[in-house]
Amino acid sequence: KRLILIGPPGSGKGTQSPIIKDEYCLCHLATGDMLRAAVAAKTPLGIKAKEAMDKGELVSDDLVVGIIDEALKKPSCQKGFILDGFPRTVVQAEKLDVMLQSRGTKVDKVLNFAIDDAILEERITGRWIHPASGRSYHTKFAPPKAPGIDDVTGEPLIQRKDDTAAVLKSRLEAFHRQTEPVIDYYAKKGNVVNLPAEKPPQAVTAEVKKVLS
Ligand code: AP5
Ligand code: ZN
């Protein structure tokens, strides 16, 4: 399966991805996670991406297209993939089409995490993540067994620098202006499925499995 997950910040893309990935043996490519790792490691890519990310704006199409082009070559991605947070502009979607065509494949389904903006601030400001694995928790909706500690590794959890109410505003603005047109782009091709992303995590998982079965 070759899947794209689209939805605003906090809609649950990163929460559902590991579950879908394990169920169908896919690779999980999250451009946000990859960019945050590059920022933390202060690589040339990270240095270029940091300013836009801190402001809640999109980084340039060329940078993220380059990351995905490279990542799709991984052996673990040959059976199928989940793209989480990519493509986020129509230009990225067009470049992805060309990339996949040259490999003789195409996107199977686009899962649209449909949710009202009003719910997202509470989700974003309560989120804690384990940076090494990308696992995310929520103080109210998905608390770790011990506060501030990753369930699996026992390592400390952190909050993302862009997970403030103020930066969320810019991220939502970028989503509506630049990413919603991507949903229309795929809707015209007829492969968009809308998910009720405001439901509890297990209910969303059940919907996803129904759609993919
Ligand atoms: P990115 O990391 O992709 O962030 P985002 O799109 O803003 O999405 P989030 O990770 O915030 O949301 P999510 O849907 O994964 O939510 P989660 O499942 O964790 O991008 C960050 C930045 O990188 C961008 O701003 C941009 O600068 C740059 N970037 C990345 N990709 C780019 C691209 N392609 N082009 C250009 N720039 C790019 O859930 C959130 C919280 O809610 C968690 O605490 C979770 O536990 C909880 N939760 C999840 N589901 C539920 C539920 N059903 N009910 C209750 N709580 C829930
Ligand atoms: Zn995410």
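A: Pro87 sits in the loop between strand E3 (81–84) and H5. Helices (H or I, at least four residues) and strands (E, at least two) are DSSP runs, numbered from the N terminus. This is a predicted model: local features need pLDDT of at least 70, side-chain atom pairs count only at pLDDT 80 or more, and totals for chains, interfaces and linings use all residues. Residues are numbered from 1 along each chain as its sequence is written, chains are lettered from A and ligands numbered from 1 in the order in which they are written, and side-chain values use heavy atoms, with hydrogens and water left out.

Start with the backbone. The Phe86 to Pro87 peptide bond is cis, with omega near -5 degrees. Most peptide bonds are trans, and most residues other than glycine have a negative phi. Two residues here depart in phi. Cys25, in the loop between helix H1 (13–24) and strand E2 (27–30), has a positive phi near 55 degrees. Lys42, in the loop between H2 and H3, also has a positive phi near 55 degrees. Lys42 counts as exposed, at 66% relative accessibility. Cys25 is partly exposed, at 47%. The cut-offs are under 20% relative accessible area for buried, over 50% for exposed, and partly exposed in between (1.4 Å probe, protein chains only).

Two packed helices are described by the angle between their axes and the distance between the axes. H5 (residues 90–102) packs with H4 (residues 61–71) at about 30 degrees, with axes 10 Å apart. Axes are lines fitted to C-alpha atoms, for helices over the stretch in contact, and angles run from 0 to 180 degrees between N-to-C directions. H4 and H5 are therefore roughly parallel. Angles under 35 degrees count as roughly parallel, over 145 as roughly antiparallel, 65 to 115 as roughly perpendicular and the rest as oblique. From H4, the contact uses Asp61, Asp62, Val64, Val65, Ile68 and Asp69; from H5, Val91, Gln92, Lys95 and Met99. Contact means heavy atoms within 4.5 Å. H4 passes H5 in a right-handed crossing. A crossing is left-handed if the near helix is turned anticlockwise from the far one by less than a right angle, and right-handed if clockwise.

H2 (residues 31–40) and H3 (residues 44–55) pack at about 115 degrees, with axes 8 Å apart. They are therefore roughly perpendicular. Their crossing is left-handed.

Ala165 belongs to H7 and is partly exposed, at 30%. Beyond residues up to four places away in sequence, Ala165 touches Glu121 and Thr125.

H7 itself runs over residues 165–189. At 1.5 Å a residue, its 25 residues should span 36 Å, and its end C-alpha atoms are 35 Å apart, which agrees. The expected span is 1.5 Å times one less than the number of residues. H7 has a kink of about 40 degrees, centred on His176. The bend at a residue is the angle between axes fitted to the seven residues ending there and the seven starting there. Buried residues of H7 include Leu172, Phe175 and Tyr186. Gly190 follows H7, with a positive phi near 80 degrees.
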